[in-house]
Amino acid sequence: MARIICVIGNKGGTGKTTLSHMLCQGFGLLGYRAACVLTDVSREPLSPNGRRYITADARNGEALAKVIDKLRSLDEWIGVVDGAGNRTDMDHKLYELADIVLLPFRDSHEDIRAVVRDLDLFPRAYGVPSQWPSNLWQREAADRNVLQMMGAFRDRLLKPVIALSSSKLLLHKQMPESLPSPLIRGCRSLGREVLDILEIDSSDEEVGTDCRIERLPPAETPMRLRHA
């Protein structure tokens with residue numbers, strides 16, 4: 001039966017969609033079949049072509065139920081549900097159906113305060129420092145803020161996902177056939193960490209060492225979206 005990961009959080013602009021696609025790409029690079037499930041009505045579906053994962057459109061309740069039921073019927077798949085900001089009721093629904101929940105947040109006091117509330121509200125959730133600064137001075141300042149404001153939740157924080165301008169490539173409607181090495185490494189690292197939380201072995205599952213994208217064959221994409 002597939003595992004379901006939900007990327008949620010009440011605050012908008014924290015990088016939920018970027019994180020969801022990075023995670024799915026990382027799973028694909030590590031040899032796992034993954035589906036990125038869109039629930040944000042303000043976004044348009046992305047083509048699955050050229051990705052190491054498939055995409056599914058679940059922007060209404062009926063579609064979401066069908067997608068989750070389909071995923072649950074598949075062996076050894078991982079579904080990543082991309083939530084949206086300012087949807088408290090939906091966050092609660094996604095939390096209930098998820099195996100694990102991820103709460104991305106950026107390095108602002110506003111984001112940190114918001115994720116602290118969400119971590120308190122959702123006891124099975126993990127915080128993910130997202131779009132984290134790569135500059136050493138900025139990184140040290142951001143880490144200090146987290147330590148001071150989130151000390152009670154240190155055991156529920158994942159490693160920071162460093163800001164990469166190339167991550168925007170994952171959100172193109174048609175993804176390019178090759179991706180920069182830093183982005184590939186970031187996707188793999190995030191995928192491995194989440195697989196560890198799920199207690200799924202990722203030690204020898206990595207697929208390939210280059211950055212070229214291999215498409216999933218149609219026979220392995222039972223939820224493939226039809227795009228206009």
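**Cavity and salt bridges**

Analyst: The count comes to 1 cavity of 30 Å³ or more. On a 1 Å grid over the protein atoms alone, a cavity is a set of points where a 1.4 Å probe fits but cannot get out, and lining residues have an atom within 4 Å of a point. The model is predicted: local features need pLDDT of at least 70, side-chain atom pairs count only at pLDDT 80 or more, and totals for chains, interfaces and linings use all residues. Residues are numbered from 1 along each chain as its sequence is written, and side-chain values use heavy atoms, without hydrogens and water.

User: Which element gives the largest share of the lining of the largest cavity?

Analyst: Helix 4 does, with 4 residues. Lining residues include Lys11, Phe105, Asp111 and Asp118.

User: How much space lies in that cavity?

Analyst: The space is about 60 Å³.

User: Now the charged pairs. How many salt bridges are there?

Analyst: The whole structure holds 7 salt bridges, each a side-chain nitrogen of Lys or Arg within 4 Å of a carboxyl oxygen of Asp or Glu. One of them joins Asp111 and Lys11, with the closest N and O atoms 2.8 Å apart. These partners are 100 residues apart in the chain.

User: Is Asp111 buried or exposed?

Analyst: Asp111 is buried, at 3% relative accessibility, whereas Lys11 is partly exposed at 21%. Buried means under 20% relative accessible area, exposed over 50%, and partly exposed in between (1.4 Å probe, protein chains only).

User: Which residues are linked in a network?

Analyst: Salt bridges link Glu44, Asp57 and Arg59 in a network.

Technical notes
On a 1 Å grid over the protein atoms alone, a cavity is a set of points where a 1.4 Å probe fits but cannot get out, and a pocket is an open set with protein on both sides within 12 Å along at least five of seven lines; lining residues have an atom within 4 Å of a point. Grid points are joined across faces, edges and corners, and a volume is the space filled by probe spheres set on the points. Helices (H or I, at least four residues) and strands (E, at least two) are DSSP runs, numbered from the N terminus.
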